[in-house]
Amino acid sequence: MAAGLRKRGRAGPAARAVGLCGQWLRRAWQERRLLLLEPRYTLKVAACLCLAEVGITFWVIHRVAYTEIDWKAYMAEVEGVINGTYDYTQLRGDTGPLVYPAGFVYIFMGLYYATGRGTDIRMAQHIFAVLYLATLLLVFLIYHQTCKVPPFVFFFMCCASYRVHSIFVLRLFNDPVAMVLLFLSINLLLAQRWSWGCCCFSLAVSVKMNVLLFAPGLLFLLLRQFGLHGALPKLGICAVLQVVLGLPFLLENPVGYVSRSFDLGRQFLFRWTVNWRFLPEALFLHRAFHLALLTAHLTLLLLFALCRWHRTGESILSLLKDPSKRKVPLQPLTPNQIVSALFTSNFIGICFSRSLHYQFYVWYFHTLPYLLWATPARWLTHLLRLLVLGLIELSWNTYPSTSCSSGALHMCHAVILLQLWLGPQPFPKTIQHSKKAH
């Protein structure tokens, strides 16, 4: 009997040690899960991912073959300006005429000199690697302020996308340059630096016109924050900067500069389309199809502005009034309201684009986690959202595109649009109090 008691007594401390060890492991696992699931840990996860990306990006540069597509054409176009040609209709590269605004010329002129007249491809790749890391940093700062997306999603935004790494460091397209300026602009808007934010936004537009897809959202935010009278100076900054940057070319041939660098009717080649492969080529090229897409684009923007962004109970025309004269007191814009309007505006434009080419993926790639996780409908689980991300990535990595890949891309876009419409809104409905109540 005594021996049995002694045996159980010796087992007691060991059992307690095992129990304490189990508790410690459970606590560590819970904290690790919090690290992956709680948006407040975004910066910690971002720091780890950025360090990993340094190694991944430079491994890609040194291990994966560079593919020449537009770099030589960019260098030939800016070389024409260096040689004294300011007539945009006379500036050409191997792939055709120069079709980007003046900001592109100045930035790639700097790259021209930094890379030995465009011949040092490895130096150009390293510059774009830094650009890629700067883009990630700016994007993570945006997500940190919105505090909506669980950190585990950022792994898929960073390390898992072959196409985005390729666009930055294996193709050297100008799209990443425009997007890094755009994300800098959004960070300035979040910091309430509206004038500087508009300045950077205009700089981004001066590199590539796709940034204008964010413009409807920016216009709404400016009107909501300042009214028409207060928004005009900010819009003036955008316009004046475009004139100043394009002045040498405007003085030489204004019609040629505007028609080439801001050509809204430019025709795209069917063989490069990612999103409309399932259509007959004749329909893809038809002007009636383009007009239908534009109509759908503008209609959906208007619906979001009326029903999802402007929720004060007043007419949307009240945005034109000075904020102090509106019936409903103005509430400060939150980070989520700013980011939601801009990202949604751009995404609607992507959905109804006449064509998407492979380098256009960066136009909205870094915004997808926010669009999927910030205002999710209840039926859209984590697993379904990851599936949507995966299908989008697969569609953009299918070369050449197929009817199936294009169809899958549109299905994923439709799911995102539906959950943006049905999910909780970052602009809560404001109850307008009557004068009697006051």
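## Charges over rings

The charged end of R308 sits over the ring of W421, with 4.1 Å to the ring centre. This is a predicted model. A second contact of this kind involves K234 and F226. Here the charged end of K234 lies over the F226 ring, 4.5 Å from its centre.

## Annotated transmembrane regions

An unreviewed UniProt entry carries the annotation "transmembrane region". According to that record, it covers residues 41-61, 98-115, 127-146, 177-195, 201-223 and 288-307.

Two of these spans can be checked against the model. Residues 288-307 are 100% helix and 0% strand. The end C-alpha atoms of that span are 28 Å apart. Residues 98-115 are 72% helix and 0% strand. Their end C-alpha atoms lie 20 Å apart.

## Aromatic pairs

A pair of aromatic rings is described by the distance of the centres and the angle of the planes. Counting rings of Phe, Tyr and Trp whose centres lie within 6.5 Å, the model has 36 aromatic pairs. One of them joins Y143 and F154. The ring centres are 5.2 Å apart and the planes meet at 55°, so this pair is tilted. The pair links distant parts of the chain. Y143 belongs to helix 5 (residues 121-146), F154 to helix 6 (residues 153-158), and the two are 11 residues apart. Both Y143 and F154 are buried.

Y361 and F365 form an edge-to-face pair. Their centres are 5.1 Å apart, with 70° between the planes. Y361 is buried, and F365 is buried too.

Ring pairs also build a cluster. Its members are W71, Y74, Y100, F104, F108 and F128.

## The cavity

How many cavities of 30 Å³ or more does the structure hold? There is one. The largest cavity holds about 40 Å³ of space.

Its lining consists of F304, W309, S340, T344, T375, L420, Q425 and P426. Helix 13 (287-309) and helix 14 (335-351) are the elements that give two or more residues to this lining. By residue type, the lining of the largest cavity has four nonpolar residues, four polar residues and no charged ones.

Definitions and conventions. Residues numbered from 1 in each chain as written. Predicted model: local features only at pLDDT ≥ 70, side-chain atom pairs only at ≥ 80, totals over all residues. Heavy atoms only, no water. UniProt positions renumbered as here; feature names shortened; annotations may be inferred. Helix = DSSP H or I, 4+ residues; strand = E, 2+ residues; numbered from the N terminus. Phe/Tyr/Trp six-rings, centres within 6.5 Å; stacked < 30°, edge-to-face > 60°. Buried < 20%, exposed > 50% of the residue type's maximum accessible area, 1.4 Å probe, protein only. Lys NZ or Arg CZ within 6 Å of the ring centre and 35° of its normal. 1 Å grid on protein atoms, 1.4 Å probe; cavity = no way out; pocket = protein on both sides within 12 Å on 5 of 7 lines; lining within 4 Å. Points joined across faces, edges and corners; volume = space filled by probe spheres on them. Nonpolar A, V, L, I, M, F, W, Y, C, P; charged D, E, K, R; others polar.
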